[in-house]
Amino acid sequence: MGEEEIKEVEFPRSMTKAQFLSWKRQKADDASAKRAEAERKRAEDIAAGTVQMNGRELFVHEPWVFDNTIY
């Protein structure tokens with residue numbers, strides 16, 4: 001295996017509470033936006049029929065599959 005190069009990143013030695021909370025809020029917002037985009041894309045793919053649904057999605061979109069009244 002080759003030697004991996006480690007990149008060093010400069011971090012401020014001290015961070016105020018306000019800076020930390022701002023960074024944390026921004027990170028949470030970015031994660032939320034990424035998750036929402038993935039959910040939107042998944043819903044589009046399900047509607048188009050290009051991906052296979054899991055059990056929960058099948059139950060939500062096609063509940064007649066789980067209808068046991070005929071037995």
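Modeller: The discussion below goes from the overall fold to individual side chains. Please keep in mind that this is a predicted model.

Biologist: How many helices and strands are there in the protein chain?

Modeller: The protein chain has two helices and zero strands. Helix 1 covers residues 17-48, and helix 2 covers 55-61.

Biologist: What is the span of helix 1 from end to end?

Modeller: The end C-alpha atoms of helix 1 are 46 Å apart. At 1.5 Å a residue, its 32 residues should span 46 Å, so the two values agree.

Biologist: And what comes just after helix 1?

Modeller: Gly49 is found there, with a positive phi of about 80°. Val51 belongs to the loop between helix 1 and helix 2.

Biologist: What does Val51 touch, apart from its sequence neighbours?

Modeller: With neighbours within four places in sequence left aside, Val51 is in contact with Arg42, Asp45 and Ile46. Val51 counts as partly exposed because its relative accessibility is 29%.

Biologist: How much of the protein chain is buried?

Modeller: Of its 71 residues, 4% count as buried. The chain exposes about 7,400 Å², and carbon and sulfur atoms supply 55% of that area.

Biologist: Let us turn to charges. How many salt bridges does a search of the whole structure find?

Modeller: The search finds four salt bridges. In general, side chains of opposite charge can pair when their charged atoms come close.

Biologist: Which residue forms a salt bridge with Arg42?

Modeller: Arg42 pairs with Glu57, and their closest N and O atoms are 2.8 Å apart. This pair links distant parts of the chain, since Arg42 is in helix 1 and Glu57 is in helix 2, 15 residues apart.

Biologist: Is Glu57 buried or exposed?

Modeller: Glu57 is buried, because its relative accessible area of 17% is under the 20% cut-off.

Biologist: What else does Glu57 contact?

Modeller: Leaving aside neighbours within four places in sequence, the contacts of Glu57 are Arg42, Ile46 and Gln52.

Biologist: Back to helix 1. Which residue meets Arg40 in a salt bridge, and at what N to O distance?

Modeller: The side chain of Arg40 meets that of Glu44, with 2.4 Å from N to O. Both residues lie in helix 1, four residues apart, which is about one turn of the helix. In an α-helix there are 3.6 residues a turn, so residues three or four places apart point the same way.

Biologist: Which residues are linked with them in a network?

Modeller: The network of salt bridges links Glu37, Arg40 and Glu44.

Biologist: And what does Lys41 pair with?

Modeller: Lys41 meets Asp45 in a salt bridge of 3.2 Å, N to O. They are separated by about one helical turn, because they are four residues apart in helix 1. Lys41 is partly exposed, with a relative accessible area of 43%.

Biologist: New topic: aromatics. How many aromatic pairs are there?

Modeller: The count comes to two aromatic pairs. In the pair of Phe20 and Trp23, the ring centres are 5.8 Å apart and the planes are at 35°, so the pair is tilted.

Biologist: Why is that tilted rather than stacked?

Modeller: Planes under 30 degrees apart count as stacked and those over 60 as edge-to-face. The 35° between Phe20 and Trp23 is therefore counted as tilted.

Biologist: Where do these two sit along the helix?

Modeller: Phe20 and Trp23 are three residues apart in helix 1, and therefore about one helical turn separates them. Phe20 counts as partly exposed at 36% relative accessibility, and Trp23 is also partly exposed, at 42%.

Biologist: Lastly, which residues make the nonpolar surface patch?

Modeller: Phe59, Val60, Trp64, Val65 and Phe66 make a patch of about 560 Å².

Biologist: Where does Trp64 lie, and is it buried or exposed?

Modeller: Trp64 lies in the segment after helix 2. Trp64 counts as exposed because its relative accessibility of 64% is over the 50% cut-off.

How values were computed:
Residues numbered from 1 in each chain as written. Predicted model: local features only at pLDDT ≥ 70, side-chain atom pairs only at ≥ 80, totals over all residues. Heavy atoms only, no water. Patch = residues over 30% accessible without salt bridge, like charges linked within 9 Å, V, L, I, M, F, W, Y side chains within 5 Å. Areas by Shrake-Rupley, 256 points an atom, 1.4 Å probe, with all protein chains shown as cover. Buried < 20%, exposed > 50% of the residue type's maximum accessible area, 1.4 Å probe, protein only. Phe/Tyr/Trp six-rings, centres within 6.5 Å; stacked < 30°, edge-to-face > 60°. Expected span 1.5 Å × (residues − 1). Contact = heavy atoms within 4.5 Å.
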